[in-house]
Amino acid sequence: STQIQLANRPTGWPTDADFRTVTVEYGDLGPGQVRVANEFVSVDPYMRGRMIDTRSYIPPFALDETMTGGAVGRVVESTTEGLPVGTLVSHQYGWRDIVQEDATGFRALPEPPEGVESSVYLGMLGMTGLTAYVGLLTIAQLRPGDTVFISGAAGAVGTAAGQIARLKGAGRVIGSAGSAEKVALLTERYGYDAAFNYKDEPSVRKQLREAAPDGIDVYFDNVGGDHLEAALDVFNDGGRAALCGAIAQYNSTTRTPGPSNMANIITRGLTLTGFTVGHHFDQLSEFTATMGQWFAAGEVVHDETVVDGIDNAVDAFLGLMQGQNTGKMVVRIPS
Ligand code: NDP
């Protein structure tokens with residue numbers, strides 16, 4: 001098995017030197033074990049936070065151990081009736097092509113819909129789709145007619161959030177992303193009503209004000225920093241923000257200055273709520289049913305950016321942090 005380990009805790013942008021590729025030989029299966037050949041391995045922004053040793057909602061990655069994280073694969077050997085050979089499974093054993101462990105570490109998945117690859121369980125029908133669903137509906141309490149602003153709109157969570165907002169009756173959905181191509185996709189493919197490139201002039205504040213002349217009711221924040229400040233500027237009274245991520249600061253080596261307009265939270269009666277999806281797995285079955293129906297009815301499009309080979313997992317992760325992906329970034333493991 002080829003596996004990628006964390007070799008150093010990076011400062012600022014991670015580099016190849018912070019990781020190490022190792023080969024692990026597995027022995028025969030013990031009782032109640034499975035060997036799984038991964039089909040797709042997930043790379044996610046939260047992994048940057050786990051590379052450093054700090055207090056957070058999940059413990060840091062261990063040095064000199066294989067990077068953990070979401071993956072989907074197929075059982076190729078088994079000593080348990082519960083997970084026979086051929087079963088599609090998801091697990092958290094991360095950045096490796098083959099994994100062999102006790103069957104309890106794996107969850108059986110249904111076969112993906114016709115014409116769709118199993119990577120959909122890492123994206124629209126998996127953790128990122130659930131994040132968008134919980135963030136909009138439970139955390140931000142989206143109501144029909146609301147004007148919604150979503151940052152990081154062309155990424156995995158963002159493409160899900162924009163489409164869920166539309167399907168749940170939002171009045172106007174505005175997105176921001178980091179390239180002209182992504183901005184075009186937001187309105188042409190992901191159902192956004194208006195979109196802007198945050199890297200363009202004028203500032204995010206001015207661009208958001210132009211896109212939301214009547215203000216916003218809901219902000220789904222994937223970015224933090226200047227995007228959060230811009231949202232606070234244009235919030236209507238009683239507005240609600242779901243604070244999902246702050247990717248603008250994940251590789252920063254200095255403290256990020258806070259928004260200068262926090263007093264708007266007081267004067268407009270705003271509610272800003274942070275959340276992590278791991279505390280909302282109780283909504284997984286409702287989400288799976290709802291999203292599954294939308295998906296089957298062709299009401300949701302699911303895009304991904306695929307990088308081939310576990311040896312390129314670090315490049316895929318760095319590419320994700322640099323915005324090389326549209327939709328979900330995944331690493332495909334050739335069979
Ligand atoms: P994405 O697919 O959105 O990929 C990350 C994207 O972030 C890039 O494609 C890039 O797009 C954008 N980006 C990078 N740097 C910046 C920057 N400085 N300013 C603005 N945008 C930037 O990843 P995910 O969908 O997996 O995650 C999106 C967010 O949601 C992250 O903040 C992540 O941490 C968070 N998250 C939170 C969860 C929770 O439980 N709270 C669960 C899952 C994700 P662009 O080209 O537009 O710059």
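These exercises walk through a predicted model, each with a worked solution.

In this predicted model, local features need pLDDT of at least 70 and side-chain atom pairs count only at pLDDT 80 or more, while totals for chains, interfaces and linings use all residues. Residues are numbered from 1 along each chain as its sequence is written.

**Exercise 1. Describe the chain as a whole: its secondary structure, its box and its radius of gyration.**

Solution. 
- Start with the elements. The chain has nine helices and 15 strands. Helices (H or I, at least four residues) and strands (E, at least two) are DSSP runs, numbered from the N terminus.
- Next, the box. Along the principal axes, the C-alpha atoms fill roughly 65 × 45 × 35 Å.
- Last, the radius of gyration. It is taken over C-alpha atoms, and the globule rule is 2.2 Å times the number of residues to the power 0.38. For 335 residues a compact globule would be near 20 Å; the chain has 20 Å, so the two agree.

**Exercise 2. Find the domains and describe their contact.**

Solution. 
- Domain 1 covers 2-123 + 303-332, and domain 2 covers 130-278. These bounds come from an automatic or database domain assignment.
- Their centres, taken over C-alpha atoms, are separated by 29 Å.
- In the contact, 15 residues of domain 1 meet 13 residues of domain 2. Contact means C-beta atoms, placed from the backbone, within 7 Å.
- The side of domain 1 that touches domain 2 has four nonpolar, eight polar and three charged residues. Ala, Val, Leu, Ile, Met, Phe, Trp, Tyr, Cys and Pro count as nonpolar, Asp, Glu, Lys and Arg as charged, and the others, Gly among them, as polar.

**Exercise 3. Work out the order of the open six-stranded sheet, then see what packs on it.**

Solution. 
- The order is β10-β9-β8-β11-β12-β13, with parallel pairing. Strands pair if DSSP finds at least two bridges between them.
- Which strands stand at the edges? They are β10 (194-197) and β13 (271-274). Each has a single partner strand, so one side of each lacks a neighbour in the sheet.
- Neighbouring strands are turned by 15° on average, direction ignored.
- Now zoom in on one pair. Four bridges join β9 (residues 172-177) to β10. Ser 176 has Phe 196 of β10 as its bridge partner.
- α4 (residues 180-188) lies across β9 and β10, at about 175° to β10. α5 (residues 204-211) touches β8 (147-150), β9 and β10, and makes about 165° with β10. Axes are lines fitted to C-alpha atoms, for helices over the stretch in contact, and angles run from 0 to 180 degrees between N-to-C directions.

**Exercise 4. Describe the shell around the ligand.**

Solution. 
- Count first: 30 residues surround the ligand. A residue is near if its C-beta atom, placed from the backbone, lies within 6 Å.
- The closest are Gly 155, Ala 156, Gly 178, Gly 245 and Gly 323.
- Sort by class: 16 are nonpolar, twelve polar and two charged.
- α2 (127-139), α3 (156-167) and α9 (313-321) each supply at least two residues. α3 gives the most, with three.
- Each of domain 1 and domain 2 contributes at least three residues.

**Exercise 5. Locate a cis peptide bond and a positive phi.**

Solution. 
- Most residues other than glycine have a negative phi, and most peptide bonds are trans.
- The bond from Glu 201 to Pro 202 is cis, with omega near -10°. Pro 202 lies in the loop between β10 and α5.
- Asp 64 is not a glycine, yet has a positive phi of about 60°. Asp 64 lies in the loop between α1 (46-50) and β4 (71-78).

How values were computed
Contact = placed C-beta atoms within 7 Å.
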